[in-house]
Amino acid sequence: MGRKPKSRPSFFKVMIKDFTSHMHLPPYFVRKYGEILPENTKLRTSSGDTWNVELEKIDEEKYCLTRGWTKFAKDVGVKLGEFLVFWFDIGKSTFDVSIYGTKGCERRISASDFPIQGSDSFNRACINLNTPEVNNKRSRAYTVEKEAEESDDTQEQDYIPDEAHPQFKLLLKKHHRTVVTIRKEFAVAAGLTTKEAVVLQYLPKQHCWPVLLHRYPKLPWFRLDISRGWSEFRRTNGLVFGRTYLFEYIPDKNVIQIKLLNGKN
């Protein structure tokens with residue numbers, strides 16, 4: 001998440017008593033910022049993942065995180081005695097959350113903590129990406145003329161065979177703004193040919209992002225695209241056109257790790 005600006009409202013809570021079903025906000029924080037607190041908010045960890053949580057108003061000085069809090073606490077493994085710091089992003093109605101273990105050090109949420117395909121959190125994220133409106137936009141974006149000829153993305157990729165971790169290098173160009181076509185060899189080796197979505201992880205920032213995979217069954221050749229979610233992932237992590245990136249599938253985490261090869265972002 002990076003360093004938190006001092007201008008952002010913040011508070012801390014020590015996890016004591018029964019913290020698994022709900023969490024009360026400090027009364028002083030409520031008195032000072034209660035008028036701008038939303039009914040529904042998001043909790044965001046260092047991994048970049050977010051959870052929707054209901055912020056229930058009990059009375060003028062009591063606000064409580066309720067529906068969604070239990071899921072958050074379970075997913076990130078909040079433990080008794082841990083110290084949580086919340087920074088409120090007013091414009092986005094989001095709390096950035098840092099978790100400090102009982103030994104006093106911040107506990108980073110890594111890709112292995114990120115919900116993988118098959119989990120409720122991952123499936124909900126993919127459902128949000130795969131709405132009818134999104135699908136209609138995607139269909140309009142790919143015209144008949146576009147689909148009549150194979151994208152040259154795969155010709156620009158340098159596939160690296162590896163039984164354990166299939167990889168390919170990609171020189172990022174402007175036509176990769178919204179989509180990246182995956183080579184068939186990589187898709188087969190990574191077991192992506194039948195998947196609807198996958199998680200991307202950018203190194204070294206550890207940012208994770210679920211993206212949809214779009215295939216073209218009517219084309220006379222194989223084509224699989226990293227599509228919905230890619231634009232947001234690219235912008236958030238500052239991927240630069242004209243630079244080469246390595247895409248590596250990590251099977252035990254079910255993620256595609258991406259890292260810069262020629263320079264620093």
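Reply: The buried residues of α2 are covered by strands including β2 (23–24), β3 (40–44), β4 (50–59), β5 (62–65), β6 (83–89) and β7 (94–100). This is a predicted model, in which local features need pLDDT of at least 70 and side-chain atom pairs count only at pLDDT 80 or more, while totals for chains, interfaces and linings use all residues. Residues are numbered from 1 along each chain as its sequence is written, and side-chain values use heavy atoms, with hydrogens and water left out.

Helices (H or I, at least four residues) and strands (E, at least two) are DSSP runs, numbered from the N terminus. The protein has seven helices and 15 strands. Buried residues (under 20% relative accessible area, with a 1.4 Å probe and protein chains only) account for 44% of its 265 residues.

Helix α2 spans residues 69–76, and its buried residues are W69, F72, A73 and V76. They fall within an arc of 95° seen down the axis of α2, so they line one face of the helix; the arc is that of the directions from the helix axis to the C-beta atoms. An α-helix has 3.6 residues a turn, so residues three or four places apart point the same way. Just after α2, G77 has a positive phi of about 70°.

The sheet is open, with seven strands in the order β1-β6-β7-β3-β4-β5-β2 and mixed pairing. β1 (10–14) and β2 are the edge strands, each with a single partner, so one side of each has no neighbour in the sheet. α2 packs on this sheet, where it touches β2, β3, β4, β5, β6 and β7, and its direction makes about 135° with that of β4. Contact here means heavy atoms within 4.5 Å; axes are lines fitted to C-alpha atoms, for helices over the stretch in contact, and angles run from 0 to 180 degrees between N-to-C directions.

Two strands pair if DSSP finds at least two bridges between them. β1 and β6 are antiparallel and joined by five bridges, with K13 partnered by L84 in β6.

β3 is also joined to β4 by five bridges, and the two run antiparallel. L43 stands opposite W51 in β4. The two strands form a hairpin with five residues between them, and G48 in the turn has a positive phi of about 95°. β3 pairs with β7 in the parallel sense over three bridges, and R44 has D96 of β7 as its bridge partner.

In a regular strand the side chains alternate between the two faces of the sheet. In β3, T41 and L43 make up the covered face, and N40, K42 and R44 the uncovered one.

Methods: Buried means under 20% relative accessible area, exposed over 50%, partly exposed in between (1.4 Å probe, protein chains only).
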